[in-house]
Amino acid sequence: MKIVYFFLLSLVVVSCQNQGKMDVQAAKKATVDSMNVVIEKQRVIDSMKQEMVKIEEAKVETKKEVIVVNQQAPRSTTTTTSTTTKKKGWSNTAKGAVIGAGVGAATGAIISKKKVQGAIIGGVAGAGVGAGTGAILDGKKKD
């Protein structure tokens, strides 16, 4: 009878040790997965920042100044017209909605098991948060 008890006790000890090793491995995997998610989020944010810099550079290039000088006979007056053409840019609300939708869709696709559904939900949620943030910035700019 002692042999049976000893066998059962050793079986319990061995099974508990294996469970502990599996828990450690699962924790390591979860940590690595979460780090990969954070790295992917940062990559998306960095690419969005690069796109915003490109948009700002394009705005600077589109500013043009046109000067028209009409000269007539010596007895007439000289007319000088100065026109500055400025392309109207996106509002902060629109920028926030687009950036939020992109980041939300990427994050939703990365995190969710159902990639398409996660991207759609994340995109809608991100667009809403981004538009709200942009609207706040637009409101502050007007004040």
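I looked up burial in α3 and found G118, G122, G123, G126, G130, G134 and D138 buried. Buried here means under 20% relative accessible area, exposed over 50%, and partly exposed in between, with a 1.4 Å probe and protein chains only. Helices (H or I, at least four residues) and strands (E, at least two) are DSSP runs numbered from the N terminus.

The model is predicted: local features need pLDDT of at least 70 and side-chain atom pairs count only at pLDDT 80 or more, while totals for chains, interfaces and linings use all residues. Residues are numbered from 1 along each chain as its sequence is written, and side-chain values use heavy atoms, with hydrogens and water left out.

I then checked what covers the buried residues of α3; the cover includes α2 (92-111).

I compared the span of α3 (residues 115-142) with expectation: 28 residues at 1.5 Å a residue should give 40 Å, and the end C-alpha atoms are 40 Å apart, which agrees. The expected span is 1.5 Å times one less than the number of residues.

For the whole chain, I noted three helices and two strands, in the order α-β-β-α-α from the N terminus. Of its 143 residues, 11% count as buried.

Last, I looked at L8, which is found in helix α1 (residues 2-62). L8 is partly exposed, with a relative accessible area of 44%. I also took the contacts with a separation of 6 or more: residues 24 or more positions apart account for 51% of them, a contact being heavy atoms within 4.5 Å.
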